[in-house]
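Please read the sequence and the structure side by side. The text after them goes through selected features in turn.

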Amino acid sequence: MSRRDAPDETSDVVVVGGGASGLSLAQRLTATGSTTVTLVEPPDGPRRPPERTWCYWDDGTGDFDEAVAASWSRLRIHDTDGDRITVDPSPLRYRMLRSTAFERLAHARLARSPGARVLRATADTVRDTADGAEVRCTAPDGRTLTLRARHVFDSRPLPALPPARTQLLQHFRGWFVRTDTDRFDPGTADLMDFRVPQPRHGLAFGYVLPLAPDRALVEYTEFSRTPLTTTAYEAALGHYSRDILKLGTYTVETAEQGVIPMTDARFPRRTGNAVFRIGTAGGATRPATGYTFSAVQRQSRAIAAALRDGRATAPRPHGRRALAMDAVLLRALDTGRIDGPGFFTGLFRRVPPERLLRFLDGGTSPREEWGIGLRTPLGPMLRTAVEVPFLPRRSHPVPRIGESRR
């Protein structure tokens, strides 16, 4: 054995990646204390992503209240003419997590489990073996580590996105701002503000999550084919903050920026007999909205339950009906057959808010989905539904993909 190699290490499960999906799954697997888990996270440095924001909604029975930075009982939509739609999706609340707080909570829970270990190393290769799988890693000091396990769950970004019929990007830049006077309602989140100038292709909206009367996350977001330059995002945010929100004097304390693929590609959930893909790499991002966090929790619970029953699987994060509907919506947006701002504001006007949020999260029945479908532009949607199955799947350029903010 080389001096640069360390002895093999063995556990029941290795989880690769310390983002939302890796941390969530490791917590679920170690909650009962019956499974030994090694969580491999990137070491400090350029491979470690910056702090991110994740948002989701639940009914107040979530597992992460200690890490929630803020939550809102009311959601507001602004149409392009400035009309406001304010809804109360009770019993659901919209919640924000910051990745640093979530990681701190997850690490504290893992530290209390005798079967859990967090390893800072770069995962180089993941492969099947005769009796399970192995992960070859490089430690920060240059040593090579070999981790062996019965099962490996890998959340690292894919090197290339699978072929798709339609691919848009949800790309955004946000400012955490502090104003000189109280400008925000801490009980109301602006989910989509379409008063911003709309691009020729796709749609754009503002997004405001108040943290206090004088503090908020203010974002500019587009659904389109290509990201903007940082200079263009900054100009759009300046216009939105100054001319639309009329914030007056404010200070930008920090910023975040990201790109999320919105695609009807078929993501592999299994890449070997004992190797599974999870999180965004396993298709957890909802194609038509970019939301990921809730699907990650569902998938993590299902994986943990399956392993307790003696089965190894990574269940589908979204149902077939939801993915089929998303494929139609993506194509309709991409072709310009439907007006994006009109489509989303129409749904919030015509559909009970709690039902609509469950629909966006994939939790509605076929009957409820039929009723929601009747409140969309029927002609363009039906035409697109007939067309989609016959479209070829093509490779698309890979954006710089970070974990979803949602």
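What follows is an account of strand pairing, aromatic contacts, cysteines and one glutamine.

The model is predicted. Strand 7 pairs with strand 3 in an antiparallel arrangement, through six bridges. Within that pairing, Trp54 has Leu97 of strand 7 as its bridge partner. Strand 7 also pairs with strand 4, again antiparallel, over four bridges. Here Met96 of strand 7 stands opposite Ala70. As background, side chains in a regular strand alternate between the two faces of the sheet.

The aromatic side chains come next. Across the whole structure, a search finds 15 aromatic pairs. One of them is formed by Phe64 and Phe102, whose ring centres are 5.0 Å apart. Their planes meet at 80 degrees, and the pair is therefore edge-to-face, a class that requires over 60 degrees. Phe64 sits in the loop between strand 3 (53–58) and strand 4 (68–72), whereas Phe102 belongs to helix 2 (residues 99–111), so the pair ties together parts that are 38 residues apart in sequence. Phe64 and Phe102 are both buried.

Phe102 has a further ring partner in Phe293. The centres of these two rings lie 5.6 Å apart with the planes at 80 degrees, so this pair is edge-to-face too. It links distant parts of the chain, since Phe102 is in helix 2 and Phe293 is in helix 4 (residues 293–308), 191 residues apart. Like Phe102, Phe293 is buried. Which residues make up the aromatic cluster that holds these rings? Phe64, Phe102 and Phe293 form one cluster together with Trp54 and Tyr56. Trp54 is also the residue whose bridge partner is Leu97 in strand 7.

Next, the cysteines. A disulfide is a covalent bond between the sulfur atoms of two cysteines. The structure holds zero disulfides. Are Cys55 and Cys137 buried or exposed? Cys55 has 1% relative accessibility and therefore counts as buried. Cys137, at 0%, counts as buried as well.

The last stop is Gln167, found in strand 12 (residues 167–179). Its relative accessibility is 11%, so Gln167 counts as buried. Setting aside neighbours within four places in sequence, Gln167 is in contact with Leu161, Met262, Thr263, His396, Pro397 and Pro399.

Conventions: Residues are numbered from 1 along each chain as its sequence is written. This is a predicted model: local features need pLDDT of at least 70, side-chain atom pairs count only at pLDDT 80 or more; totals for chains, interfaces and linings use all residues. Side-chain values use heavy atoms; hydrogens and water are left out. Rings of Phe, Tyr and Trp (its six-membered ring) pair if their centres lie within 6.5 Å; planes under 30 degrees apart count as stacked, over 60 as edge-to-face and the rest as tilted. Helices (H or I, at least four residues) and strands (E, at least two) are DSSP runs, numbered from the N terminus. Buried means under 20% relative accessible area, exposed over 50%, partly exposed in between (1.4 Å probe, protein chains only). A disulfide is a pair of cysteine sulfur atoms within 2.5 Å. Contact means heavy atoms within 4.5 Å. Two strands pair if DSSP finds at least two bridges between them.
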